[in-house]
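Thanks for asking me to look this one over with you.

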Amino acid sequence: MMTKRVGISAGTALACFLTLTAVGRADTISYADAVTTLAKECGSDIKKFCNGQNLGNGRIQACLGKNASKVSPSCTSTLGSVMTSIAQRQEAQASVFKVCQHDISQYCNGVKGDGNILSCLVETKRVDNRECNQAITDAGWR
């Protein structure tokens, strides 16, 4: 039960932190996978060093950083890789429309609204721009 609460708290904290940070390309990770990974690798450290703290808005990372000398190496490594991956995903999401501008004008001309344009890009099989396809994949939309 306590582990579950730590996992939920860590997830909530990560989600809050991630909404306030922005920034790629490479292995990106979904928020759900990030929470699961952090709960698994850092749950005991969070419980031990950050117990009872409100961990939203980047405080989970700050708490673990403040206790860096005591946090397990696997948690430190996992936190770093998860944060990098999430930042890369956010960057990809922010850049898709710019990177895919040519494909949007070529295959989705006349489609209105960002969500509809994104659906058009994801669904069209004709997008042959490698950078656009990679941006869509890195953004987690395909």
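1. C42 and C75 are joined by a disulfide (a pair of cysteine sulfur atoms within 2.5 Å), and their sulfur atoms sit 2.2 Å apart. This link connects distant parts of the chain, with C42 in helix 2 (residues 31-49) and C75 in helix 4 (residues 73-99), 33 residues apart. Helices here are DSSP runs of H or I with at least four residues, and strands are runs of E with at least two, numbered from the N terminus.

2. Before going further, please keep in mind that this is a predicted model, where local features need pLDDT of at least 70, side-chain atom pairs count only at pLDDT 80 or more, and totals for chains, interfaces and linings use all residues. Residues are numbered from 1 along each chain as its sequence is written, and side-chain values use heavy atoms, with hydrogens and water left out.

3. The link of C42 and C75 is right-handed, with 110° about the S-S bond. Both C42 and C75 are buried; that word means under 20% relative accessible area, while exposed means over 50% and partly exposed lies in between (1.4 Å probe, protein chains only).

4. Next, have a look at C50 and C63, which form a disulfide with their sulfur atoms 1.9 Å apart. C50 lies in the loop between helix 2 and helix 3 (59-66), and C63 lies in helix 3, so this pair ties together parts that are 13 residues apart in sequence. The disulfide of C50 and C63 is left-handed because the torsion about its S-S bond is about -105°.

5. Are C50 and C63 buried or exposed? C50 has a relative accessible area of 2% and is therefore buried. C63 also counts as buried, because its relative accessibility is 5%.

6. Another disulfide joins C100 to C132, with an S to S distance of 2.1 Å. Since C100 lies in the loop between helix 4 and helix 5 (101-107) and C132 in helix 7 (residues 130-138), the pair ties together parts that are 32 residues apart in sequence. The torsion about the S-S bond of C100 and C132 is about 110°, so this disulfide is right-handed. C100 counts as buried at 0% relative accessibility, and C132 counts as buried at 0% as well.

7. How many disulfides are there? The count comes to four. With bonded cysteines counted along the chain, the disulfides of the protein chain follow the pattern 1-4, 2-3, 5-8, 6-7.
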